[in-house]
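Me: I am new to this structure and would like to learn how to read it. Could you take me through a few features?

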Amino acid sequence: MPVYWYSIPAQIKGVIDRIYSLVVGGKDIAGKECALIACCEEEDLSVLDGVRIPMERTAALNKWKMVGEVLIPGVLNVGDIEKTDGCQQAAALANKI
């Protein structure tokens, strides 16, 4: 997911809200695995805390296992991702899952 305004995009927030409603409704969704792949324009990795921390807390609340994170800074223009090892990291994470 891309980071917009230092937080989770609204589409992902909607998914998290729906998942949470399952928990409140008593549905057991524990034991799932999840991962985070995100990029941002800035070079400072702390910018991704606005996405990383809510995802980690969502996983903890739902009793899911975070199997990994790929956080790539410095992605602004078309082709910038190719200057990083982000795609290789994402592929390695996918293989892990």
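Reply: Let's start with Asp28, which is exposed, with a relative accessible area of 66%. Exposed means over 50% relative accessible area, buried under 20%, and partly exposed in between (1.4 Å probe, protein chains only). This is a predicted model, in which local features need pLDDT of at least 70, side-chain atom pairs count only at pLDDT 80 or more, and totals for chains, interfaces and linings use all residues. Residues are numbered from 1 along each chain as its sequence is written, and side-chain values use heavy atoms, with hydrogens and water left out.

Me: Where is Asp28 found?

Reply: Asp28 sits in the loop between helix 1 and strand 1. Helices (H or I, at least four residues) and strands (E, at least two) are DSSP runs, numbered from the N terminus. A polar atom of the Asp28 side chain lies 3.1 Å from the backbone nitrogen of Ala30. Asp28 and Asn62 are 34 residues apart along the chain, and their C-alpha atoms are separated by 8.6 Å.

Me: Which residues are buried in helix 2?

Reply: The general idea comes first: an α-helix has 3.6 residues a turn, so residues three or four places apart point the same way. Here, Val51, Met55, Thr58 and Ala59 are buried in helix 2. Seen down the axis of helix 2, these buried residues fall within an arc of 100° (taken from the directions from the helix axis to the C-beta atoms), so they line one face of the helix. Arg57 and Ala60 are exposed on the other side of helix 2.

Notes:
A polar contact is a pair of N or O atoms within 3.5 Å; within protein, one must be able to donate a hydrogen and the other to accept it, and residues adjacent in sequence count only if both atoms are side-chain atoms.
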